[in-house]
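Biologist: I have not seen this structure before. Could you take me through it by question and answer?

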Amino acid sequence: MSEKSPQFRPSIETQKSNETTERPEKTGQGGETHQQSSDGACLTTAQGVPVSDNQNTLKAGPRGPALLEDFHFREKMFHFDHERIPERVVHARGYGARGYFETTDAIPELTSAHLLQEKGRKVPAFVRFSTVAGNKGSMDLARDARGFAVKLYTEEGNWDIVGNNIPVFFIQDAMKFPDLVHSVKEAPDRAFPQAQSAHDNFWDFISLMPEAMHMVMWTMSDRGIPRSFRFMEGFGVHTFRFVNAEGESHFVKFHWKPKQGLQSVLWDEAVKINGADPDFHRRDLWGAIQAGDFPEWELGVQVFDDAFADTFDFDVLDATKLIPEEDVPVRIIGRLVLDSVVDNFFAETEQVAFCTQNIVPGVDFTNDPLLQGRNFSYLDTQIKRLGGPNFTHIPVNAPKCPFAHFQQDGHMAMHNPAGRANYEPNSWKDGGPRADPESGFTSFPEAVEGEKRKVRAELFADHYSQARQFYQSQTEVEQGHIADALIFELSKCEVLDIRERVVAHLPNIDPDLAQMVADGLGFDKLPKAHTPRRDMVEGLKPSDALSILKNGPDNFKGRKLGILVTDGIDGDLLASLRDAVKDAGGMVEIVAPTIGGIKTSDGKRVPADQKVDGGPSVLYDAVAVMTSADGVEKLKSMHPAKGFAADAFAHAKFIALAGEAEKLFHAAGVDDFDDGVFRLEGKDDCADFIEACGKMRFWQRG
Ligand code: HDE
């Protein structure tokens, strides 16, 4: 046949999408086994039958009823009707990316994990970042902890480190997790508020759970509103075990340290970003990876033994406590690089199933009661969420090393073991796999003994000492933010009693903090402090590692400058500013009165990335405003332009002015410029400005 028969012509949709869709380069780590052909192909049903018309249902005459026999329509609609799966009960909103982990310092003396035996061993990784409380469609800049879940596809199976960006947790025993989550999520009767802790139910629960006060200090700090997933730390939280080839065990805590430095936003920015770009964090990660600016973290371990655990002021099995880096230094042993976005969000990010029980030989659990509870919960929840026990057949969850077992059948079984033997022991020649006591996973043979009782260990009862240590480790600016956050959140509580009960915890943490919050809430006097259940540990030293500002970046790499421009500006100066940002490894967005952009004084057109009301200054790490005399008059008449200037100044950003830009700031009520505001005349000014921007904020502005 020389010609294709008519029904094999591509449909209109296929042709169009082929013209416009850019497909990212595949690295083959995702859903390769289920890839459908799409380039120039004929549209088919899921059964592979070619489709002739994708616009109309089969009808009895042009105005007649639809016919049941239209299998194409029925299949299309049936599949659409079943597109949703249950969202995660917590951490529903998340964003994933692929990459790799590489061992940079081998530690065979500590663990027999194959991956960590030799420097340079490298395995694929998948990471999913998330907020905790909000639903799948909620906004990115909620005040919340962030999930930092890492799946390492090792040669000995999948190793999941399902962590957060905060090293401690609200509760000590898994028994309280459903209560905690119920309290923070929307109230069951009214179904609001969404994705926030600023409401009565949450603070009511917290006020009655003093063990939460340490993590509350963290979530009320700027850790609760990170600038980007790229600029936050990750923590395994619990104490785990490393076990070496000799069977010796050490305790270990896991840390992910961003090479990019730590950075957060201000609460006023968070509120505005949520309106301007609810996808701020996912867009940031997608954009950075697509631009080749791959985010990277170091894997650090704090390793300690029983002797340390026995003398430490707190119980190392208590997930509301951390071990200061000054007490047990963090040893860097590897690097995690995210270098590839997913091919398909649902296939990978939505279907990825992390389980704390996914560990490899050489790693083991401890008796942390939160961790023990998690080991049950994660497997259980995946069965509900992904519809059955075969979720490990989904490519993102499948091991990338050889695997062999006798599990079979169940919903959506993609591959059952071949051959006759599906049990063991058996006497068949090809009888399938056998357990190997040498290489197989062996639990650390910890001796255990005790009475069966619903109890908690004595040392767990100190709830304030480390909360105080955290607060005292912050800079003054950061302490102010914690007070402001508490005042904001408690002001959203309608019940006075709840506000008072929370504030009554604060004198145990810091009397000044308690007074600031009480004043901010308009209390006449400070409520009487709750009596600590256990004597507090005095004299804990502040730890610099706990502050964001003490661990910020010192350059503009990976950051974004927003340049508000008008017609008639100096094109050479704009080019110099762009060059300075590029040299520093940063990015630029042009914001203009119209999306069509502007014309410089020499008549060159500069396209815009954002129209001014779609590109408020909260989206940028620093801003520049470049205007002509006519241009500034136009900007002065635009409320969003004045907001751009006023917010940038109020949020302590570094600001550069060129042309007549001062006038816009005056119109926005900013009259006194400080050393965080730069005047751009030439190339050198641009370089000086971007160098200063490396500090991210001019905090002296207050
Ligand atoms: Fe989770 N948690 N969690 N959690 N968690 C889930 O598992 C749970 C806890 C964390 O991107 C769920 O697959 C219990 C601490 C992350 O897919 C669920 C307890 C830490 C993610 C669950 C905790 C975390 C989850 C919901 C207390 C930091 C998202 C969907 C005993 C160390 C993973 C799912 C992803 C998700 C249970 C406490 C981190 C229900 C019972 C502590 C990053 O299984």
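Biologist: How do the axes of α5 and α11 run, roughly parallel or roughly perpendicular?

Modeller: This is a predicted model. In it, the axes of α5 (residues 213–220) and α11 come within 7 Å and cross at roughly 25°. Angles under 35 degrees count as roughly parallel. Therefore α5 is, relative to α11, roughly parallel.

Biologist: Which residues of α11 make the contact with α5?

Modeller: From α5, the contact takes Met-213, His-214, Met-217 and Trp-218. By class, the residues of the contact of α5 with α11 are six nonpolar, two polar and no charged. The α11 side consists of Gln-466, Ala-467, Phe-470 and Tyr-471.

Biologist: How many residues of α5 are buried?

Modeller: A residue is buried if 20 or more other C-beta atoms lie within 10 Å of its own. In α5 the buried residues are Met-213, His-214, Met-215, Val-216, Met-217, Trp-218, Thr-219 and Met-220. The helix α5 is largely enclosed by the rest of the structure, because the buried residues number eight of the eight.

Biologist: Which helices do the buried residues of α5 pack against?

Modeller: Contact here requires C-beta atoms within 7 Å. The buried residues of α5 pack against α4, α11 and α12 (476–491).

Biologist: At what angle do the axes of α3 and α4 cross?

Modeller: In this pair, Asp-179, Leu-180, Ser-183 and Val-184 of α3 meet Asn-201, Phe-202 and Phe-205 of α4. The contact of α3 with α4 has four nonpolar, two polar and one charged residues. The two axes come within 7 Å, and the crossing angle is roughly 145°.

Biologist: Which loop holds Pro-425?

Modeller: The peptide bond from Glu-424 to Pro-425 is cis, with omega near 5°. Pro-425 lies in the loop between α10 (369–386) and α11 (465–472).

Biologist: Which element gives the most to the shell around the ligand?

Modeller: At least two residues of the shell come from each of β2 (122–131), β3 (146–154), β4 (157–164) and α10. Seven residues come from the element that gives the most, α10.

Biologist: Which of the 26 residues around the ligand come nearest?

Modeller: The shell divides into 13 nonpolar, ten polar and three charged residues. Those that come nearest to the ligand are Arg-88, His-91, Gly-147, Ala-174 and Val-237.

Biologist: How far apart are the end C-alpha atoms of residues 44–432?

Modeller: The unreviewed UniProt entry lists residues 44–432 as "domain: Catalase core". Over that stretch the chain is 22% helix and 19% strand. The end C-alpha atoms are apart by 39 Å.

Methods. Residues numbered from 1 in each chain as written. Predicted model: local features only at pLDDT ≥ 70, side-chain atom pairs only at ≥ 80, totals over all residues. UniProt positions renumbered as here; feature names shortened; annotations may be inferred. Helix = DSSP H or I, 4+ residues; strand = E, 2+ residues; numbered from the N terminus. Near = placed C-beta within 6 Å. Nonpolar A, V, L, I, M, F, W, Y, C, P; charged D, E, K, R; others polar. Axes fitted to C-alpha atoms, helices over the stretch in contact; angles between N-to-C directions. Parallel < 35°, antiparallel > 145°, perpendicular 65-115°, else oblique. Contact = placed C-beta atoms within 7 Å. Buried ≥ 20, exposed ≤ 12 C-beta atoms within 10 Å, placed from the backbone.
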